Amino acid sequence: MAKSFILITGRTTKQGRTIHLGKQAKDYIDEVSALEMNPADMEALQVKEGDRVRLRTDHGSSVVRCKKGTVPPGLLFIAYGQFVNALVGPDTQGTGMPNTKGIEVEVEKDDSG
Amino acid sequence: MGEIILTFKGMGGSTVPLEADPITPDLLQLKVRAEIERLPLYHGNEQLLLGDFFSVKGERSNQIRLRGDLSQVKNIGVGMQTGRIVIESSIGMHVGARMTGGEIQVHGNAGDWAGAEMTGGLLWINGSAGNRAGSAYRGSKYGMRGGVILIEGSGGHEVGGYMRRGLIVVRGNLEDHAGARMVAGSIFVFGRVGGRTGGGMKRGSIVCFNPLDVLPTFRLTSTYAPLFVTIYLRALRSRGFSVPEIGGGRFARYCGDLAESGKGEILVWQG
Amino acid sequence: MELNGVPIEDTYAEAFSAIGARLLITAENERWAREAAASFTGFATSVIGSGCEAGVEGVASETPDGRPGVTVLIFAMSKKGLHEQLIKRIGQSVMTCPSTACYNALAGESWVSVGGKLRFFGDGFQSSKLLDGVFNPPVGRARRFWRIPVMDGEFVVEDRFGMVKGVAGGNFLLLGEEPQAVLQAAELAVGAMRQVPGVILPFPGGVVRSGSKVGSQYKFLTASTNTAYCPTIRRQVESVLPDEVRAVLEIVIDGLTPDGVAEAMRVGIRAACRPGIKGISAGNYGGKLGKYHFRLHEVLRS
Amino acid sequence: MTVAKEMRVVKDVTCPFCGVTCDDLEVHVEDGKIRDVKNACVLGKDTFLHHLEGLATPRIDGKPASIEACIEAAADILARAKYPLIYGLDSTELHAHRKAIELADLIGANIDHTSSVCHAPSLQAVQTVGIPSCTVGEVKNRADLVIFWGANPAEAHPRHATRYSVTVKGMFTPQGRKDRTVIHIDVRRTPTSRMADTFIQIKPHSDYEVFSTLTALVNGHDLDVSEVGGVPLQEWRDLVEVMKGAKFGILYWGMGLTMTRGKYLNVVALLRLCQELNRFTKFLGAPLRGHGNVVGMAQVLTWQTGFPFAVNMSRGYPRFNPGEFSVADLLGRGEVDAALIIAADAIGNFPAKAAQHLKSIPLIAVDPKESETTKVAQVVIPAAQAAVAAEGVAYRMDHIPLPLKKVVDSPYPSDREILDRIIARVLAKRPDDGAKRAAPLPRG
Amino acid sequence: MASAIRIKGGRVYDPLHGLNGVVKDLCVEDGKIVQECHGAAEVIDATNLVILPGGVDIHTHIASPAVNAARGLRPEDHRLLCCPRKPGLRSGVGFTVPSTFTTGYLYAQLGYTTVMEAATPPIGTRHTHEELNDIPMVDKGCYLLMGNNEFILQYLKSGDLEKIKRYVAWLLHSLKGFGLKLVNPGGVEQWKYGKDVEGLDEKVNHFDVTPRQILQALTWVNEELGLPHSIHIHANRLGVPGNYQVTLETMRALEGKRVHMAHVQFHSYGGEDYVSFTSKAKEMADYINGHPNVTVDVGQVVFGDATTITADGPWQYRLHKLTKNKWYNLDVEVETGSGIVPYTYREKNYVNALQWAIGLETFLLIKDPWRVFLSTDHPNGGPFLYYPWIIKLLMDAEFRSQMLKRVHKRVLSHTMLPHLSREYSLYEIAIITRAGPARALGLRNKGHLGPGADADIAIYVDAKDKEEMFERAAYVLKDGKIVVRDGEVVESCPGRTIFAEVPGDDDLLTELRDKFEKYYTVEIGNFPIPLEDLPFHQAVPTGRPV
């Protein structure tokens, strides 16, 4: 069962630190694949901390891990990185800037593995 | 006088856009075929000849017809003053930008900045237009300053931004920020509009024929039947652009944007 | 020359050139368009005393806003004079009239700003719309409409009005026995003449009884009653009236073109030549007044 | 026998990590290795301490090669390209910027940098309405109202608060934090909210509406709505009073505005608010800029070409048009036929489709470290990391330039040297035909 | 390749040596003008050509954080003039705020070889020098903004003039500045809380000092340090109707001291508002004519687009409110401010037309050409590209009266311009664009053609139309090399950055370190600019000026 959310992205201290370890480093990948979600939304989607969810937009999809966050219901947060890039379309509406924050995404629990 | 027919031969699979600014009636009407073929076109960092990309029929005419898939071809009719260009396909960016007169017909879609900063003439797009049709290039004080853009399909973001004068009519939908920061002029949209329509407008009119989310900085002043809307609709029909009958229709008038001088208006058809 | 047994004097109507404009007044219905037009053309009979001559030209078949409308012609002696009259009369008689709008209906030789002056009534809340020339194919001239907020909505008035050099003072005289019969003939003439486009008959009901001559015995008066045509003082002055004539009425015609004036005279005279009319003449000032001479015989022959 | 260890402490070192551009770092070097960094935040500290991790190696088509061979291969690609792209340039310094632009001019390239996908909308907003702003020292010395909007400096610019904007004491703010009111406005709580006296949570995609509303209120208008952005109008009225009542207000914004719906127009609305507030008090705004030295690249590009980003040189002179010559669009539409990515990880940061195009064309990566870009690049040229192993100049977020020091040596050449050598090789391969290509657009 | 050139048969205008169109050969060797060439020399046949020293611009805005901000602010301006790349040269853009390389080329094409950036904030001077490094073809220097420096205001408050002198010396030395610039002294500090000063005796917020005190103190410092150039003043109340009184008062306050008043045109206004706006050029010229201590540049207005860039923040806010054009403001910690507003001067606008006329009145009413210099305050009054047009206006009274017919008609009755028949001679043009500014700058190797001078030479085809003549130099020599031929740049040369050689004063460092810590946001160690950052430079000695 998929549910619609608005996904925002941004820097985190940990992302900023671990990037120096290289983008292959586990710590870095862990940080940029962690999806913050409001506990109520997690309950509605029937996912727990650490569960995998699939994010989907018109442009692509990513599988990331859920964690409880302070975001308000309906909003998701994930640190900048390759997982969110896969969801972003190239259209910039003539500004040069793709829609990198505030992306409308479908979220569903991923049970594939 | 006949017409000049330019048939696009393609770019050999290259994805690099072709810049074809010399293709204007003003220039071509002075040239014989051999001269037309030798006009410079710009393909990436190379300067090539018009004849490399187009086969040319006809000469010395201010009527130009373009054939072939031109969606990767930019700058057609930029700054044109007189004559007529008929494009039988979709066209790339900047078609008719800064044009001051004459007429361009596009039988297909147009790329971004169609008619940007134009000051006169008619740009008629049978398909859809991209972002910023009739708008300003970045930094310019004004977008379109005169003339008419008719779009039978839809338009992208910021259509009519910074508009100072002129008319844009869209039969389909528009994305966000239609008429952004416009200073004067008119935009008619028969389909739906996106968010923040008229944001930052100082004066001018945006006439919407479908309900929309009006910005909080607009205030409803009244509901009435503005005569000028009727005048415009009749004028459009007389030019062969079909528009719905709205006999007896009323419009809600919202004034704004109060974040600026607030003398603009959004008129929303109430049926 | 005779028409239906009525002798047509071999003389000419002497007319002068004047600057004219054509307005199109629309409204919710024809009644209110006519109300505005009536008020606009009120007290506009003679350039001498009214500053302009105006009249309703007819009902418009096509209007920019699709509403019923009437066209009005107005003539004055100078562009400046016409400009002032347009502003005053549109401001006082059209803007004030419920539901109306006022458009230019003439491709002018020159242009004056009218809406552009009246707009200040909007106290800063006026706005304008410029309809591009591509919607006006043969001429290609853009039209600007001012929108002035008023108590029933918006008064729309065109910015610029075209002016042309027209003809004022085209005329003919109906000479008859009985005043009633002459008036009846005049009414018939007016009815016919009002079908002619491009002309107006500025006097009340299209008819004037106080024909005038140039000069008077009083220094302060430049024109006075046309003594030669006044039956009641026939023996006191040098009269031109045959004895049986006891009433004379004049029909004055202003038009955008000399041809229009001639056409109006022709249909008017033809309609008027009926029993009881003893002669048709014209106001002829010996060529001193104006450059247009409409010879009655020529007008009727063409 | 013991060899005396070389121990050095380099003072006044400028940190290249973010736009706060702290220049008070002390780097302890022992035997050519960085052992410790004082005064830096964790992000800055890691920049220096981990500068040797994940280093790139020179290679062509995945095979090890000499730097010289790599430069030759890069020059080959660029000399042949019809519509090349030069992109990146955030994590480097002024002289490398110069050389990159010179190269772009020479080969008729598109040149863009990381600003394009971070604060370029802010730059466009400034081009639209201007900006009332100040250097950070003015905030330190005077600001009694600091607003952070759509930004999270606590995580992205960790020392901003202590050096410039929140707790710092200055000429007319002798009590530091006590002399300031701090407000955070965002769609979610972040560590920045904890620094603030007030946090106002607004709905996503409502920034534009809120700025417009505030400006209308500043202009003395009443509005018909009861809430904007999910916040009661009365709260916005109160905020306007706070803003008008401040002696010196500053509004810092982040990419929460530039990357969301509305893009540069969000910032236009913000800047109009700041401008209008100057009718009542001193009120300024500033973007929280910088990853790395993006500000510097924008500066150099502006003075050399007139435009701050998204510059196209294909016609022999600079042209600017975001949406046309900006990197995301050039790649998203699949137009460019070769790319030189320098001091940035394009593939790691771009939308999938744009990254895909990069993978399909001849690609050169110049970077100290391995990245998603170096992984797939045809030519990889490792460089000495600017500000650590190469000196130069970096710009702070308020356009103040600061010297970068070379703290340790690197076996690899600096960015500027690499570019200089590529330029020399390109010149050897193709005629300098700039003039031939040139045909200015009609004036107007 | 011979480094010697003989320029044969040209008419030489070298006012410093009194040469007024004398036909004479000039010899150049190793970048200098020499009495006679030794050995082989390339020959330039200058028969029928006019030879002038390379032009010297004493006041222009071509490189600084604010200039670059203006470039970034105005993409629409750049689209008006595209300058393509040529082999060995760089591409760029015009028009009112040209890119750096283009700035150098465009100046060189006009025959200019020395230009002075008139305002750089100390903290941004590293930036300014980097930009100057990218401006080829000309020698250049910059004036440091001092008139609102809070450290100076603090020292002034405590009456410590000696400290000010040492601090100023430290700034000049550390930052490689050429001169001292005051912009709206006191007013820019007031602007930091949104205000301005009205007159010379108004107290500046928090600092308890007045513009008069600032003016007098820094003028004293300038002379004590023996800087080559006098103090360079942008007076209070720029652009404001009635400001001529403040300007006169400023000059009176500094009576007897060397002083350069920048862009006086913008400071010569009467009236109470822009309706009663009048010219006070006569009053200004009368004062200047009677006071040989004063030099001025005009800040001539030209019609068309301009970009106003100034440290005068409060004025720029006013201009933004007047025009509703976009407005950039950057207040600079401790030091100064800046503002940018695009502007268009229109012939039919009364105020603009009068500004234009006031500039010309200033040129024509000041009797001594050695003390009035050509400038547009580029790009505030318009771009420097219009210098040839201004020269034509000065040399051709007929052209002036034609222009007078085009501009707003009230100008005819509201200025003396229609009655001024004076026409500048070529000799006088050589003074106001070369010899005069070089002398005022204290640049002994510039602005003349005597032996020992830098071989910066501009050669023109003498045309009746002086605009045509000065638009494209036939030849320009920079340091003895031909860099322009037939109006086109043929070779790039870097040009040198010129600065005043003020001894450093490290004793002040401890105190300054503390002040930096408290009020700045950069380390004092990162403040000075090492000489290596100026790859081509030249120090000009200080000392008592002649």
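Colleague: Is Val334(E) buried or exposed?

Modeller: Val334(E) is buried at a relative accessible area of 0%, where buried means under 20%, exposed over 50% and partly exposed in between (1.4 Å probe, protein chains only). This is a predicted model, in which local features need pLDDT of at least 70, side-chain atom pairs count only at pLDDT 80 or more, and totals for chains, interfaces and linings use all residues. Residues are numbered from 1 along each chain as its sequence is written, and side-chain values use heavy atoms, without hydrogens and water.

Colleague: How should I read phi, and what is the phi of Val334(E)?

Modeller: Most residues other than glycine have a negative phi, and most peptide bonds are trans. Val334(E), not a glycine, has a positive phi of about 65°. Its place is the loop between β18 (327-331) and β19 (339-345) of chain E; strands are DSSP runs of E, at least two residues, and helices are runs of H or I, at least four, numbered from the N terminus.

Colleague: What about Met137(E)?

Modeller: Met137(E) is not a glycine either, and its phi is positive, about 80°. Met137(E) sits in the loop between α4 (125-133) and β10 (139-145) of chain E, and counts as buried at 1% relative accessibility.

Methods
Chains lettered and ligands numbered in written order.
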